[in-house]
Amino acid sequence: MTRPRVVIAGLGDSGVLTAIRLAKHADVVGISVKPALVSGQELGLRLSRPRDWAREYWLPFDRLPALDAVRTVHGAVCGVDLDAAAVTVACADGSTREEPYDALIIATGVSNGFWRRPTTQSAGDVAAELTTAHDRLAGAQSVMIVGGGAAAVNSAANVARTWPGKRVELYFPGTRPLRDHHPRVWNTVQRRLTDAGVVLHAEHRALVPDGFGCDRITDDPVRWSTGQDPASADAVLWAIGKARPNTDWLPAELLDDDGFVRVLPDLRVPGHPRVFAIGDVAATDPLRSSARNRADGLLAHNVLAVFAGRPLRHYRPPARRWGSVLGPRPDGLEVFAPSGHAFRFPAWSVERVLFPWIVRRGIYRGVRPNDPLKATRIGS
């Protein structure tokens, strides 16, 4: 019996995990603008300690044995013919190719700041981008982070912890950040930020300059629609959550008013029973939470169920965001449940159990040894 052919457009966190789940059951083709899994997680660690970040969050595809059976195409999806069941790929070498499919999974994610862009890059480009952003912050005496989401809070904490001599300030709209988390989360995180020396500025809503895409670290004064005097710093990190879905290659009929992919509870696109979407690009719920709730297992089950004529399962999103906010700390990793209650992995367990066994062995199903030369291409 001929194995079905599944094309996954986008090999970020959700795309890679779905490919791993399907690789034993289908012929999987993964299309990626990067030659590796370059995660959008842990922005603060990426900026402040890029070598540490790269060790866990930059994984070349050939380091993942579970992807050995997956054919990866380095390039950007630039079109789809739904009637012919094929996507068009603008490859990194300048060529264009068609990739037919029996099922299509849309996992192209979102653009959000300079750290999450759908730009076709080489490994050298990724390393240079990491080093440039790190060096920019390392050379600043004062750093301002603008935003009230987890990326902004994570960045403030990590910058302050890595460079205790810098003045680090976090400006956010409203009375508290992390509005999508349970209020208990901010009660805990606020203490961690204050202990690290971060200066907090509530109820500051930034005026975003026309045409500014938050795609670089700046040093221009920041002005506020809430009436306060302008503020400035040597380096300004914009983390205001202006996520833009990477869906320019899709027909408008597949998208909601904000450009995200409309999906049914079983993650299929309405009217297209063999087209699915997952991750930040999928309009599953207001938080688009399938990216952070391991929906890859459910999606892989549903793709195979379509081919076998079996019932499909429904994705049930949580009401609030949950998980780690500040990332690994010297005293361990603090993870918040949807109820806002925290539980801690001690530092020894993060290094000896969580990453090597739960993440690398359990989630990724094995990771080959690191490239010893990669660390030399990245800032400290």
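Select helix α8 (347–363), which gives the most to the lining of the second largest pocket, with six residues. Helices (H or I, at least four residues) and strands (E, at least two) are DSSP runs, numbered from the N terminus. The model is predicted: local features need pLDDT of at least 70, side-chain atom pairs count only at pLDDT 80 or more, and totals for chains, interfaces and linings use all residues. Residues are numbered from 1 along each chain as its sequence is written, and side-chain values use heavy atoms, with hydrogens and water left out.

A pocket is an open set of points on a 1 Å grid over the protein atoms alone, where a 1.4 Å probe fits, with protein on both sides within 12 Å along at least five of seven lines; lining residues have an atom within 4 Å of a point. Display R55, P328, V350, E351 and F355, which lie nearest the centre among the 15 lining residues. The pocket volume, the space filled by probe spheres set on the points, is about 330 Å³.

Now turn to the open sheet of eight strands, ordered β7-β6-β5-β2-β1-β8-β17-β16 with mixed pairing; strands pair if DSSP finds at least two bridges between them. Its edge strands are β7 (96–100) and β16 (268–269). Select β2 (27–32) and β5 (71–81), parallel strands joined by four bridges; V29 has R71 as its bridge partner in β5.

Finally, show helix α1 (13–22), which packs on the sheet and touches β1 (5–9), β2 and β8 (103–106), contact meaning heavy atoms within 4.5 Å.

Methods: Axes are lines fitted to C-alpha atoms, for helices over the stretch in contact, and angles run from 0 to 180 degrees between N-to-C directions.
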